[in-house]
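User: I would like to go through the labels used for this model and see what stands behind each of them. Please set each value against its criterion before you conclude.

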Amino acid sequence: MFGLPVLNRILAPPPGEGVIPQFTNHIVTQDFWSTFPTLAVAIPFLFICGFVTVYFLGSKGFCTYACPYGGFFAVADKVAVGRIRVTDACDQCGFCTATCTSNVIVHAEVREHGMVVDPGCMKCMDCVSVCPTNALYYGFGKPSLGTANKVKKTFSLTWPEEIGAAVFFLLSLYAVWDTYQLIPMLLALALAGITTFVAWRTYRLFVSNDLSLYQFNLKNGGKVTRAGSIFLVLSLVWLGLTAHSGWIRYHEWQGANAFEAIDLPDEVALAQANPVQWLSPADKQNIAAGRTHFSTARNNGLFTNVQALSKLAWLEYLGGDAGKATDTLADASAHEHGAAKALADYYRGAILNRTGKHAEAITSLDAALKERPDLTLALEQKGEALWSLGRQKDAFDTWSQAVRENPNLPLATSFLAGAAKAAGDDALASNFQARANQLTPNDPLFHFMLGMRLKAAGMDDLADQHFARAIEMNPRFKAAKRS
Ligand code: SF4
Ligand code: SF4
């Protein structure tokens with residue numbers, strides 16, 4: 001888990017990096033809290049993983065049933081030389097087994113093997129501390145590899161129930177993991193463990209004559225008790241919520257699939273108010289399907305999935321509904337902060353710019369720049385909005401700021417060339433133009449995008465040069481230019 005990325009980096013280092021990566025200091029961080037979940041996630045996380053799993057699955061329930069590291073450690077445990085071992089002082093009283101909360105049959109394992117071989121042993125030392133004869137100790141010796149455990153455990157679930165529980169666990173894990181972009185993996189694993197336990201007890205409530213849950217008697221002689229009725233109602237609510245999360249998750253997943261299947265660069269789509277001419281029939285189908293799925297998730301979800309909201313907005317824009325897209329992005333921005341908010345505001349500003357609402361665009365782009373002052377895309381768009389409003393000097397300054405942030409921007413440099421030309425400074429214009437030509441990728445789509453952006457700013461001469469270049473490289477752009 002930790003070694004593979006390192007190995008991958010050594011075998012396929014990023015371009016420009018040697019076999020031994022450059023030393024970088026990550027001991028100190030300026031943004032300590034950014035790696036922590038929000039309070040809205042942290043509090044339920046602590047409650048579910050810290051209390052509810054302990055109640056339902058035992059004090060080591062999370063470690064035993066949910067923690068993904070257990071699978072790796074079980075393999076490592078086979079070769080571990082440090083184990084719980086026994087001396088001749090053991091009189092088989094069984095205190096150790098009664099104390100172990102990892103379901104290890106300690107007294108029998110030490111009798112058969114002289115040590116604990118169950119990989120579920122967490123070396124917590126509880127058994128060592130309760131042994132009345134001090135027979136147990138943690139010591140080094142031969143590992144358990146190759147030792148077949150002769151101690152057979154008895155289990156609460158039959159094999160069909162085990163399989164049913166495993167399927168239920170995976171389904172409920174899928175239902176809650178990352179739903180609404182809120183539930184992290186470990187919390188999802190804990191929830192899936194609890195859901196599986198609750199479903200299993202509910203199933204038993206129907207098929208058993210007698211059933212209890214800790215001190216509560218749920219069913220007695222075939223009759224469901226008052227506690228059993230309350231348990232049944234609560235369990236149906238819990239299972240219903242899980243099913244609802246799964247349904248939302250399904251729509252978010254399908255929406256994301258449709259979103260990913262659209263192969264149109266953002267900058268090309270944003271180069272004109274209605275990007276429909278760039279869309280293939282398959283793209284249009286994906287846009288319609290994605291909008292349906294994301295809208296279903298949005299309208300029926302219990303919380304707002306901001307990432308899904310931004311994707312929905314993009315599909316609305318691609319579908320020709322720019323007004324709806326800007327409303328959805330405003331909603332996404334209101335729920336976001338930091339870089340994600342900056343992007344929502346940037347896209348909103350860009351769409352407003354394309355639809356001629358330049359003053360509103362500036363407000364939105366300023367909000368993006370407040371979160372991310374280095375967002376040069378927002379500076380380029382803001383310059384266009386200012387230019388369209390006749391504020392040429394402010395536009396020139398804004399594009400200059402973008403180029404200061406990143407000197408390799410072909411679009412901002414082209415705008416500066418157009419602005420210098422409009423101001424009558426031909427020498428400066430040709431300097432900027434020469435620099436822009438150096439920076440512009442030799443890609444017809446990029447030239448066409450530049451042409452459209454320059455044309456929208458009224459810089460027709462420059463725009464025509466890029467249209468001509470795009471058509472020269474790919475004559476199909478002739479038709480695109482006409483439309
Ligand atoms: S508690 Fe000690 S004496 Fe009793 S069975 Fe376990 S190891 Fe043996
Ligand atoms: S060390 Fe802890 S987990 Fe291991 S057998 Fe003893 S009580 Fe159980």
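Analyst: A definition comes first: Ala, Val, Leu, Ile, Met, Phe, Trp, Tyr, Cys and Pro count as nonpolar, Asp, Glu, Lys and Arg as charged, and the others, Gly among them, as polar. By that division the shell around ligand 2 holds 10 nonpolar, two polar and two charged residues. Please keep in mind that this is a predicted model.

User: What makes a residue part of the surroundings of ligand 2, and which residues are the closest?

Analyst: The criterion is that the C-beta atom, placed from the backbone, lies within 6 Å of the molecule. For ligand 2, 14 residues surround it, and the closest are Cys100, Ser102, Cys121, Cys124 and Cys127.

User: How does the shell around ligand 1 divide by class, and which residues come nearest?

Analyst: Ligand 1 has 15 residues around it, of which Cys90, Cys93, Cys96, His107 and Cys131 come nearest. The elements that give two or more residues to this shell are helix H5 (95-99) and helix H6 (106-113), and the largest share, three residues, comes from H6. By class, the shell around ligand 1 divides into 10 nonpolar, four polar and one charged.

User: What makes S3 and S5 edge strands?

Analyst: Three strands form an open sheet in the order S3-S4-S5, with antiparallel pairing. Strand S3 (211-213) and strand S5 (223-224) each pair on one side only, and they are the edge strands.

User: Which helices lie on this sheet, and at what angles?

Analyst: Helix H9 (residues 185-207) lies across S3, S4 and S5 and runs at about 155° to S3. Helix H10 (residues 226-260) also packs on the sheet, touching S3, S4 and S5, and its direction makes about 100° with that of S4.

Note on methods. Residues numbered from 1 in each chain as written. Chains lettered and ligands numbered in written order. Predicted model: local features only at pLDDT ≥ 70, side-chain atom pairs only at ≥ 80, totals over all residues. Helix = DSSP H or I, 4+ residues; strand = E, 2+ residues; numbered from the N terminus. Pairing = 2+ DSSP bridges. Contact = placed C-beta atoms within 7 Å. Axes fitted to C-alpha atoms, helices over the stretch in contact; angles between N-to-C directions.
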